[in-house]
Amino acid sequence: MKARLRHIFHKYVAPKALVLMYHRVAEPESDVWEVAVSPDHFEQQLRVLKEEYKVVPVRELVERHNKGNIKRNSIGITFDDGYIDNFLVAKPLLEKYGLPATFFIASGNVGQPGEFWWDELEHLMLFSDSLPATVDMEVGGERIIFDLKEEAQLSNSLQQQHKAWKACEETPPTKRSQLFYKLWENLKPLPPAMQQAQMQQIRDWSGVAVAARADCRSMSRDQLQDLGRSELFDLGVHTVSHAALAFHPPLVQEKEILENKNFLQEIARNHVDLLTYPYGNYNHESMAVAGKAALKAAFTTEEKVIARSAHPYRLGRFQVKNLAAPEFRKQLQIWKYSI
Ligand SMILES: [Zn+2]
């Protein structure tokens, strides 16, 4: 009976923490993965967090989790990837409210003029004025033959559909978005050099030049250093090339994690010992590499509270969408009481 009561206590009553996942604080032309929060909504969300929760540094939350003494109502804030708006927009707002956050950085793109491949692909496929009508291309070992027909030319209607499309919840609404999704799926597991080569092949096919939109860049090394030395902020591992780890052999996984960790450690004030898996993609080998790299915790994209029973290399997070304060408040309540 005692064991059962203990089980019920930990499942329903014991304090649990939430870790929030952000990527961008911006208003991009489209946001098919729902990773951007507008600056106005972000500030509204920070006010809710400041007034109604206890925002703690993620490393403190991890330490408390390991010791089994998580405080009620505690929340950790994470940012993935290292977009420049994290520095230009999110940092000043977090400072204004005195809220700590950890920024997980894909270091291969730091200081580079180019965009992440998925942003460039989204822009190219969904918003290029004109694309060739037919595709016959091998991508990721699969021959893709596709006819865009009348969608070769971008129309207002297509633009509107692409702006409204949420790829995680809805099937692609247009031929262009079908092709985009197919290419995205085939590119995601590839080694970085192959991804870049295939992106060049797609640019050549499209006749569209390489995209380097200033707002889609990553932070520079100086900006990252500024962030990493701030009292409020920490840096964390997100691999060099934003690798979908489970698709790669253990040695590649190790290189991706260790090189990223060493790069960030030179910049950061605190120990760099937390990881978020790119795309939330990992396997047992990734967890073993995390152990070997002496990381204290690793976060997935699975929507789970940080409960006492959670494995330190499989901690959940909640992706925050572009919600105003009332909806955000409700969303936090739902997450808080999820099991
Ligand atoms: Zn990421």
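Student: Which domains does the assignment give for the protein chain?
Tutor: Domain 1 is 2-112 + 217-336, and domain 2 is 117-211; the bounds come from an automatic or database domain assignment. Residues are numbered from 1 along each chain as its sequence is written. This is a predicted model, where local features need pLDDT of at least 70, side-chain atom pairs count only at pLDDT 80 or more, and totals for chains, interfaces and linings use all residues, while side-chain values use heavy atoms, without hydrogens and water.

Student: How many residues does each domain put into the contact?
Tutor: Domain 1 gives 16 residues and domain 2 gives 23 residues, with contact meaning heavy atoms within 4.5 Å.

Student: What area is buried between domain 1 and domain 2?
Tutor: About 1700 Å², with 57% of that from carbon and sulfur atoms. Buried area is the accessible area (1.4 Å probe) that two parts lose on being put together, summed over both. On the domain 1 side, Glu29, Val32 and Trp33 supply 42% of the area buried against domain 2, more than any other three residues.

Student: How many salt bridges cross that interface?
Tutor: The rule finds one, where a salt bridge is a side-chain nitrogen of Lys or Arg within 4 Å of a carboxyl oxygen of Asp or Glu.

Student: New topic: which residues coordinate the zinc ion?
Tutor: Asp81 through OD, plus His238 and His242 through NE2, at 2.0 to 2.2 Å. Donors are N, O and S atoms within 2.8 Å of the metal (3.2 Å for Na, K and Ca); water is not among the atoms, so sites may look incomplete. The spacing in sequence is D-x156-H-x3-H.
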